[in-house]
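Hello,

Here is the structure for your files. My notes on its aromatic rings follow below.

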Amino acid sequence: MLFRMCRAVSVVRVIRAVSAAAVAVGAFAVAQAAVIDHSYPQYAGVLRDHVRPPKVDYTALQRDRASLDAAVAVFAQPAEAEERGWTRDERLAFWINAYNAFTLRAIVDRYPIHASWLTLAPRNSIRQIGGVWTTLTWQAAGRTLTLDDIEHRILRPEFKEPRVHFAINCASIGCPPLAAEPYRAATLDAQLDAAARRYLASAQGLRIDGTTLRVSRILEWYGEDFVPQFAPDHAGRPDRLEQAVRAVVARFGPPEAAALARAAASRVRFLDYDWSLNDGH
């Protein structure tokens, strides 16, 4: 009798041990499945096939909707705790890519965009999509977020990286062009510099008019974000925004514009912003 009882206890212990091991293996598999590839291969394929800077072929992208859906789904995979455990550059690249991928989806879901003739914005503009920045929600890193949440609650306050304004794309002609490859942690600093130079080399980002620098209104709307890095000595002063703009142009603008930005006699003015869709079909 004692032998049988001992044997029964041993069998129970073995079963428990096997069950615990199975649970552990399952948990490990789930954890492994949640890990994303920080080179973003699905999103890279979408950009490679459909982005021709400064425009996007939305007609072709709509036909390739399955690839876009697969790219967007990647951003919902990691849990919030996992995402917060990444390096700063991994996190920053993730949120830039998520913002841009979600913007592509917002356009494709409603393409071609049409509006009534009684509108101030261009009829094909992203601004014709009601609540595109404030109401439409997306799943990313365990959270339900709008595009404004990503930009104004995560990207700007958490990272304090002003060059992000040259990297996120609002699907408009006036916006910095969507990069033809994902942002990646290993090359992020160089990619952000390149995005700034690319935009300021375009007619939408910067123009020279005699001794006047005419720059994108993005640098007016978000000028305060640039002050800590580009005009720290002018913080709190009335000329802080202009000095920050000058420093940005001096660093990233073409040679002629950079020289003009350093000239005391030059002036800074802001361009009208073109909200027309960046459609390249």
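Tyr-58 has a relative accessibility of 1% and therefore counts as buried (under 20% relative accessible area; over 50% is exposed and in between is partly exposed, with a 1.4 Å probe and protein chains only). This is a predicted model, in which local features need pLDDT of at least 70, side-chain atom pairs count only at pLDDT 80 or more, and totals for chains, interfaces and linings use all residues. Residues are numbered from 1 along each chain as its sequence is written, and side-chain values use heavy atoms, with hydrogens and water left out.

A search of the whole structure gives 16 aromatic pairs. Rings of Phe, Tyr and Trp (its six-membered ring) pair if their centres lie within 6.5 Å; planes under 30 degrees apart are stacked, over 60 edge-to-face, and the rest tilted.

Tyr-58 and Tyr-111 make a tilted pair, with 5.9 Å between centres and 35 degrees between planes. Tyr-58 is in helix H3 (residues 58-63), and Tyr-111 is in the loop between helix H6 (88-108) and strand E3 (138-140), 53 residues apart. Helices (H or I, at least four residues) and strands (E, at least two) are DSSP runs numbered from the N terminus. Tyr-111 is buried as well, at 12% relative accessibility.

Phe-75 and Phe-102 pair edge-to-face, at 5.9 Å centre to centre and 75 degrees between the planes. Phe-75 sits in the loop between helix H4 (65-74) and helix H5 (80-84) and Phe-102 in helix H6, so this pair ties together parts 27 residues apart in sequence. Phe-75 is buried at 0% relative accessibility, and Phe-102 is buried at 1%.

Ring pairs also join Tyr-40, Tyr-43, Phe-75, Trp-86, Phe-94, Trp-95, Phe-102 and Trp-138 into a cluster.

Regards
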